Amino acid sequence: MIWFRLLLAVIVFLIAAGFTTPVEDQQLFISGNSDRINPELSAYVEDIVPGDKRQYTVHVTNPTDGEITGLLYAADAMPALGGGKEFDFTLPDDPDTGSAAWYTTPDRSFTLKAGETQSFTMEMQIPESVKPGQYVSVIGVYDEHQRTRESAGRKVGLQVVLNYKLDQARQPEAVPHAATYMVENGEAYLTVLLVNEGDSLSEPEILVRVKRQDDSSMFLYERHSTVDPIYAGTVAQYRAELSRPLSPGSYIAEVKTLLDESLEQRELLFEVFSEDSQTDWVTTPLENVDQVADSGSLFHEDSFSFRPSYVYGGLLLILIIIVVVLRKRASRKT
């Protein structure tokens, strides 16, 4: 169920540090069988049948001049927080809330000598009760040797994208739910939380404009951009660096997301307090929310992306998930 997956995503977010973007200086490399790998996504991409058993082979290489001990495991894909078209995924101790739970092969440790490559096979059992949609998991490798390195630099993975009757699945979404403002090291940032309640991956475009609540005639900030992938049933953070910090007061973030021909629009209220204020900033959606499903022209493309926000993110996400669940329950009763 969508609310259950979102709630578990919040729990893992609160544990924090579980989902981080792989870095460039990765020690281990992973690849699949070239005859089955999708060249555009560099992933296993297949249509599935309920009840099927599948096998996926991965080749793990140690390019260094030293021995490396690693852990092979199944992970859930998550929205990237570091930008670009990279993907993120869970750590070995994180709960399996999606199709990662379909793997029947247990986690296994291995040791690679300098320059060595080993091949492994991961088996999967597709549930009989699988519903139409897109299911993305990751065969991950965690470097257990680099104890001094952060978790972000100790994992690398290969995606497995499984599709089942996508024409019958709910359409992907990118619904803005809240905005937060914060200043880090003198730089001002606005973070927008987006929810994909659809059944497949979402790659929307986004328009963000900021204005003071008491003066809606002039926008202080405007940015058009594309958004990194948001997987089905996940919450993503879209973070923009403002040109300068905002003065204290009440502001409105006007957020529009365009996905195919579907346009979502929200006006999100956020507060900016003075530096000497002891009051924590709070962000909430405005009562008068404008939601549109209509055709629209493509936004001008620019570049900025998802990044992590560690301040009050957990509490804000919990609030959003509660709102989503209540709305969906209410819609089912009507």
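The model is predicted, so keep its limits in mind: local features need pLDDT of at least 70, side-chain atom pairs count only at pLDDT 80 or more, and totals for chains, interfaces and linings use all residues. Residues are numbered from 1 along each chain as its sequence is written, and side-chain values use heavy atoms, with hydrogens and water left out.

**Exercise 1. Classify the ring pair Tyr44 and Tyr56.**

Step 1: Recall the rule. Rings of Phe, Tyr and Trp (its six-membered ring) pair if their centres lie within 6.5 Å; planes under 30 degrees apart are stacked, over 60 edge-to-face, and the rest tilted. The count by this rule is five aromatic pairs.

Step 2: Apply the rule. With centres 5.1 Å apart and planes at 55 degrees, Tyr44 and Tyr56 make a tilted pair.

Step 3: Locate both rings. Tyr44 is in strand S3 (residues 43-47) and Tyr56 in strand S4 (residues 53-61), so the pair ties together parts 12 residues apart in sequence.

Step 4: Look at burial. Tyr44 counts as buried at 1% relative accessibility, and Tyr56 counts as buried at 0%.

**Exercise 2. Work out how S16 and S17 are connected.**

Step 1: Start with the rings. Tyr251 and Phe270 are stacked, 5.6 Å centre to centre with 15 degrees between the planes. Tyr251 sits in strand S16 (residues 249-259) and Phe270 in strand S17 (residues 262-272), 19 residues apart. Tyr181, Tyr251 and Phe270 form one aromatic cluster.

Step 2: Two strands pair if DSSP finds at least two bridges between them. S16 and S17 run antiparallel and are joined by 11 bridges, with Ile252 opposite Leu269 in S17.

Step 3: Inspect the turn. The two strands form a hairpin with two residues between them, and Asp260 in the turn has a positive phi of about 55 degrees.

Notes: Helix = DSSP H or I, 4+ residues; strand = E, 2+ residues; numbered from the N terminus. Buried < 20%, exposed > 50% of the residue type's maximum accessible area, 1.4 Å probe, protein only.
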